[in-house]
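Opening my notebook on this one.

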Amino acid sequence: MSAVSSLVPARFLTLIAHLVIVITIFWSRENNVKACLPLDFTQEQYDTEDKKLVVGLGVTLGLFAIELTGFFSGVSMFNSSQSLLSLAAHCCASVSLSFFVFEKWECWTYWVIFACCSVVPAFVEILLLIAVVGLKKKPL
Amino acid sequence: MELPETIRKRLDDFSRNILFDQSRIVTFTEENDGFLPHEKPVLSSLQLQMSLYFNMWFFPCWWISETVMLHLKYPALPEYYKFILVTILLLMTLIEAIRLYLGYAGNLQEKVPELAGFWLLTTLLQLPLILFQLFNEAILIQPLERGVHIVLIVFILIQAASGFAALRNMVRHTGSQFHLQQFD
């Protein structure tokens, strides 16, 4: 089975979809921050929750950078297992984050999505990077 | 589908005389590069080809997002911006299709005129249009538009840089195929 014909563009598109949604949430996070505060909230409470969400989004972008580096440098582009894992994780993340925005979910749900769908592929990517660059194994 | 011959000749002249001044560049000989005499170097650029390939897959997503967002914010725009944004969307669609085709043809078949056309369309047309879309707050930029425009502008910048390098290599290593007609 040729991985290039379908798996590579599919993985790329799900990565980009997740990335676009994370960038979108940067600008539209007000409703979500308000959803996790009590009805009468002070400005300091708002700022604290807002900062936590911004930190979460920033760390997500950092993990994206790791995964995109591994993908575009060729280390994991043709590795079918990592591609499937990344495809599934980012697909789940894109759908969940769409619900996060439209249904105005609370802040803690973002951390759940982050742990399942951003950390896992990035962690496997780091393992692959160490294996290829550090231990000099072949990228496939 | 080929570019017309006159346009190809003009783009070839532009690349060899204006963009890269060959009178000051030492043209490489085969021995200097360390190649065997019968081996030709591969002039297609991998980075450019990769960015073109992924740009081609990303373009429908960009187009759908942009059209839906324009449709949603259309009633809230002033009259002149309605006209301008519809025009810009049409222009960017056409330019993107032509640009990606020329980039593929120029890079894979190592043709200088097509690659020069691709590079000019990218830097002189697509780049200002996407900068307008991204930085002009008066057109009510939505968060989703920011996301997809940021991805597209990264593609365009990578293609401008790697396209320039690929064009320079190709101009150095190939002779012009349009020779002067001396005696008619």
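**Salt bridges**

I count a salt bridge when a side-chain nitrogen of Lys or Arg sits within 4 Å of a carboxyl oxygen of Asp or Glu. I also keep in mind that this is a predicted model. With that rule I get 12 salt bridges over all chains.

I looked up B:D12 to begin with. It pairs with B:R16, and the closest N and O atoms are 3.2 Å apart, which is inside the 4 Å limit. Both residues belong to helix α1 of chain B and are four residues apart, so about one helical turn separates them. Buried or exposed, B:D12 and B:R16? Both are buried.

I then checked B:D13. Its partner is B:K9, with a closest N to O distance of 3.5 Å. This pair also sits in helix α1 of chain B, residues 5-19, with a spacing of four residues, about one turn of the helix.

Next I wanted a pair that links separate helices. B:K73 and B:E145 meet through their side chains in a salt bridge, 2.9 Å from N to O. B:K73 is in helix α2 of chain B and B:E145 in helix α5 (residues 143-173) of chain B, so this contact ties together parts 72 residues apart in sequence. B:K73 is buried, with 6% relative accessibility, and B:E145 is buried too, at 2%. I also noted a network in chain A: A:R11, A:E67 and A:E125 are joined by salt bridges that share partners.

**Cysteines**

How many disulfides are there over all chains? I find one. It joins A:C36 to A:C107, with the sulfurs 2.1 Å apart. The torsion about the S-S bond is about -45°, so I log this disulfide as left-handed. A:C36 lies in the loop between α2 (30-35) and α3 (43-72) of chain A, while A:C107 lies in helix α5 (residues 107-134) of chain A, so the bond ties together parts that are 71 residues apart in sequence.

A:C116 is partly exposed, at 48% relative accessible area.

For B:C61, the closest cysteine sulfur is in the other chain, in A:C91, and at 12 Å that is too far for a bond as well. B:C61 is partly exposed, with 32% relative accessible area.

**Backbone phi**

Most residues other than glycine have a negative phi, so I looked for exceptions. A:K104 is one, with a positive phi of about 55° although it is not a glycine. It is in the loop between α4 (80-102) and α5 of chain A. I have A:K104 down as partly exposed, at 43% relative accessible area.

B:E110 is another entry in this list, with a positive phi near 55° and, again, not a glycine. Where does B:E110 sit? It is in the loop between α3 (79-108) and α4 (112-135) of chain B. B:E110 counts as partly exposed at 29% relative accessibility.

**Nonpolar surface**

B:W63, B:I64, B:V68 and B:L72 form a nonpolar patch on the surface, and together they have about 390 Å² of accessible area. I took a look at the tryptophan. B:W63 is in helix α2 of chain B, which covers residues 46-73. At 35% relative accessibility B:W63 is partly exposed, since that class runs between the 20% and 50% limits.

Notes: Residues are numbered from 1 along each chain as its sequence is written. Chains are lettered from A and ligands numbered from 1 in the order in which they are written. This is a predicted model: local features need pLDDT of at least 70, side-chain atom pairs count only at pLDDT 80 or more; totals for chains, interfaces and linings use all residues. Side-chain values use heavy atoms; hydrogens and water are left out. Patches are made of residues with over 30% relative accessible area and no salt bridge: like charges are joined within 9 Å, nonpolar side chains (Val, Leu, Ile, Met, Phe, Trp, Tyr) within 5 Å. Accessible areas come from the Shrake-Rupley method with a 1.4 Å probe; for residues, only the protein chains shown count as cover. Helices (H or I, at least four residues) and strands (E, at least two) are DSSP runs, numbered from the N terminus. Buried means under 20% relative accessible area, exposed over 50%, partly exposed in between (1.4 Å probe, protein chains only). A disulfide is a pair of cysteine sulfur atoms within 2.5 Å.
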